[in-house]
Structures are given as C-alpha cells and as structure tokens.
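Open the model in a viewer and keep the selection panel at hand. The stops below are given in the order in which to select them.

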Amino acid sequence: MDISSTQKVAWENKLVKGFNTTDVALEFGFLTAEVSEVFTAWRKGLPDLGEELADVFLYLTAVAEMNGLDLESEVTRKIEKIERRTYERNEHGAQIRTSGD
C-alpha cells in the first residue's frame with residue numbers, strides 16, 4: 001500500500017470509529033505519545049517495535065490529513081531535496097551541509 005492510500009484508509013477508519021478528526025493539537029499530542037512508545041519498545045527490545053512504528057506513521061498521516069496535505073507528495077518532495085544536498089564532516093566529526101537547500 002502506498003502512502004497516499006494508507007493515509008486515506010487510516011482517515012476513513014478514524015471517521016468510522018469516531019476518533020479525533022478535528023483537534024490538530026490533540027493529534028500532535030497523540031503522535032508525541034506514540035513516538036515515546038516506539039522509543040520504549042526499541043530501548044527495551046520489545047517485540048512490538050514494528051507495531052509501534054506503524055502507530056507513529058498512522059498518527060502522522062492523520063496530522064497530514066487534518067492539514068490538507070498529501071503526505072506521499074510531501075515525502076517525495078523532501079527526498080528529492082535531500083538528494084541534492086552534500087555534506088562534509090567538520091573538525092568535530094559533525095556532518096555539515098555544504099550545498100543544497
């Protein structure tokens with residue numbers, strides 16, 4: 001399933017189940033909580049790491065939908081932007097962008 005299709009299916013599920021579809025700040029709160037859960041699953045080596053990552057993605061698609069964004073188009077645009085960038089390490093070993101926007 002591609003990102004756009006997943007975004008639509010996840011949104012329809014929220015509508016059918018009566019989940020939040022209007023309060024963007026609340027949805028950001030839920031997304032933040034899910035990021036914490038995935039970190040905990042990773043840190044503790046729990047078997048539900050993949051499921052928790054999926055939850056993060058689904059809440060992210062909801063935030064995109066609530067703001068009228070096609071997440072797939074945004075991801076594609078961002079990847080194209082990143083591919084044009086170049087980096088070099090500075091004297092401290094940090095990657096510093098040298099070109100691209």
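This is a predicted model: local features need pLDDT of at least 70, side-chain atom pairs count only at pLDDT 80 or more; totals for chains, interfaces and linings use all residues.

Residues are numbered from 1 along each chain as its sequence is written, and side-chain values use heavy atoms, with hydrogens and water left out.

**Stop 1: helices α1 and α3**

Select residues 3-17 for α1 and 49-66 for α3; helices here are DSSP runs of H or I with at least four residues, numbered from the N terminus. At what angle do the axes of α1 and α3 cross? They cross at roughly 85° and come within 9 Å, the axes being lines fitted to C-alpha atoms over the stretch in contact, with angles from 0 to 180 degrees between N-to-C directions. That makes α1 roughly perpendicular to α3, a label covering 65 to 115 degrees.

Now show the side chains in the contact (heavy atoms within 4.5 Å). On α1 these include I3, W11 and K14, and on α3 they include F57, L58 and M66. By class, the contact has eight nonpolar, three polar and three charged residues.

**Stop 2: the salt bridges**

The structure holds three salt bridges, each a side-chain nitrogen of Lys or Arg within 4 Å of a carboxyl oxygen of Asp or Glu.

- Select E65 and K8: their closest N and O atoms are 3.7 Å apart. E65 is in α3 and K8 in α1, 57 residues apart.
- Select E27 and K14: the N to O distance of this salt bridge is 3.0 Å. E27 lies in α2 (residues 24-44) and K14 in α1, so the pair ties together parts 13 residues apart in sequence. E27 has 0% relative accessibility and is buried; K14 is buried too, at 9%. Buried means under 20% relative accessible area, exposed over 50%, and partly exposed in between (1.4 Å probe, protein chains only).
- Select E74 and R77: the closest N and O atoms are 2.8 Å apart. Both are in α4 (residues 71-83), three residues apart, or about one helical turn. E74 is partly exposed at 31%, and R77 is partly exposed at 47%.

**Stop 3: N20**

Is N20 buried or exposed? At 15% relative accessibility, N20 counts as buried. The side chains of N20 and E27 make a polar contact at 2.7 Å; the term means a pair of N or O atoms within 3.5 Å, one able to donate a hydrogen and the other to accept it within protein, and residues adjacent in sequence count only if both atoms are side-chain atoms. Leaving aside neighbours within four places in sequence, N20 is in contact with K14, L26, E27, F30 and M66.

How values were computed: Helices (H or I, at least four residues) and strands (E, at least two) are DSSP runs, numbered from the N terminus. Angles under 35 degrees count as roughly parallel, over 145 as roughly antiparallel, 65 to 115 as roughly perpendicular and the rest as oblique. Ala, Val, Leu, Ile, Met, Phe, Trp, Tyr, Cys and Pro count as nonpolar, Asp, Glu, Lys and Arg as charged, and the others, Gly among them, as polar.
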